[in-house]
Amino acid sequence: MGRDGVNAKRVTTTLTLQRKSQLERLAEREGVKEAWLVRRAVEKYLDEIGAGSVLGTKGGEDARG
């Protein structure tokens, strides 16, 4: 993704206070932005699961939120 946002779409999510604090500490420790860490984590996760189902259900119909 380029800095200009070409070929990119914004996603919003909610984290628990504990997870948000963890993310903040990690970003500070690594000297990067929280958004960068989130993008890398999502990319890695999607690469690892490939076309498989996260929930073990066809089409992930239980993933509502």
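The chain contains 2 helices and 0 strands, as seen in a model that is predicted. Of its 65 residues, 6% count as buried, and the accessible surface of the chain comes to about 6,300 Å², with 52% of that area belonging to carbon and sulfur atoms.

**The two helices**

- Helix α1 covers residues 17-30 and helix α2 covers residues 34-49.
- With its 14 residues, α1 reaches 20 Å from its first C-alpha to its last, which is close to the 20 Å expected at 1.5 Å a residue.
- For the 16 residues of α2, the span should be 22 Å at 1.5 Å a residue, and this agrees with the 23 Å that lie between its end C-alpha atoms.

**Where the helices end**

- Just after α1 comes G31, which takes a positive phi of about 70°.
- Just after α2 comes G50, and here too phi is positive, at about 55°.

**How the helices pack**

- The axes of α1 and α2 are 9 Å apart, and the two helices pack at an angle of about 105°.
- Because angles of 65 to 115 degrees count as roughly perpendicular, α1 and α2 are therefore described as roughly perpendicular to each other.
- On the α1 side of the contact are K20, L23, E24, L26 and A27, and these meet E34, L37 and V38 in α2.
- The residues of this contact between α1 and α2 divide into 5 that are nonpolar and 3 that are charged, with no polar residues among them.

Methods
Residues numbered from 1 in each chain as written. Predicted model: local features only at pLDDT ≥ 70, side-chain atom pairs only at ≥ 80, totals over all residues. Heavy atoms only, no water. Helix = DSSP H or I, 4+ residues; strand = E, 2+ residues; numbered from the N terminus. Buried < 20%, exposed > 50% of the residue type's maximum accessible area, 1.4 Å probe, protein only. Areas by Shrake-Rupley, 256 points an atom, 1.4 Å probe, with all protein chains shown as cover. Axes fitted to C-alpha atoms, helices over the stretch in contact; angles between N-to-C directions. Parallel < 35°, antiparallel > 145°, perpendicular 65-115°, else oblique. Contact = heavy atoms within 4.5 Å. Nonpolar A, V, L, I, M, F, W, Y, C, P; charged D, E, K, R; others polar. Expected span 1.5 Å × (residues − 1).
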